[in-house]
Amino acid sequence: QQLHFSRSFLDSITSSPPSMLTFARGRGDSMQPTLQDDDLVLIDRSLRSVREQDAIWALTIGDIAMIKRL
């Protein structure tokens, strides 16, 4: 499924190109109350290393993907 957003909206939230943005649905309750089960999250795949502390990051370890506060 594709979701379409205006370029001005994307530019207001990120400087990354649209080709590096992915939507995913979270599963589980480990991020409550910040994220709820089945929330839709926008993932910026251009960020390849943790640059901020106490921020929410999507990461993969092998075939396992997760969204965590690091």
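**Ground rules.** I worked from a predicted model, where local features need pLDDT of at least 70, side-chain atom pairs count only at pLDDT 80 or more, and totals for chains, interfaces and linings use all residues. I number residues from 1 along each chain as its sequence is written, and side-chain values use heavy atoms, with hydrogens and water left out.

**Salt bridges.** I searched the whole structure and found 2 salt bridges. The cut-off is a side-chain nitrogen of Lys or Arg within 4 Å of a carboxyl oxygen of Asp or Glu. Side chains of opposite charge can pair when their charged atoms come close.

**Arg7 and Asp11.** I looked up this pair and found the closest N and O atoms 3.2 Å apart. Both residues sit in helix 1 (residues 7-13), 4 residues apart, about one turn of the helix. Helices here are DSSP runs of H or I with at least four residues, strands are runs of E with at least two, and both are numbered from the N terminus. I then checked Asp11: partly exposed, at 47% relative accessible area. For this I call a residue buried under 20%, exposed over 50% and partly exposed in between (1.4 Å probe, protein chains only).

**Arg69 and Asp54.** My next entry is the salt bridge between these side chains, at 3.9 Å from N to O. The pair links distant parts of the chain, 15 residues apart: Arg69 is in strand 4 (residues 64-69), and Asp54 is in the loop between strand 2 (40-44) and strand 3 (56-61). Arg69 is partly exposed at 41%, and Asp54 is exposed at 59%.

**More on Asp54.** Which residues does Asp54 contact, leaving aside neighbours within four places in sequence? I found Arg69 and Leu70, with contact meaning heavy atoms within 4.5 Å.

**Core.** I listed the largest nonpolar core: Met31, Leu35, Val41, Ile43 and Ile67. Such a core is a set of buried Ala, Val, Leu, Ile, Met, Phe, Trp, Tyr and Cys residues joined through side-chain atoms within 4.5 Å. Val41 touches Thr22, Phe23, Ala24, Leu35 and Ile67, not counting residues up to four places away in sequence.

I looked at strand 3 and strand 4, which run antiparallel and are joined by 6 bridges. Strands pair if DSSP finds at least two bridges between them. Thr60 has Ala65 of strand 4 as its bridge partner. The two strands form a hairpin with 2 residues between them, and Gly62 in the turn has a positive phi of about 65 degrees.
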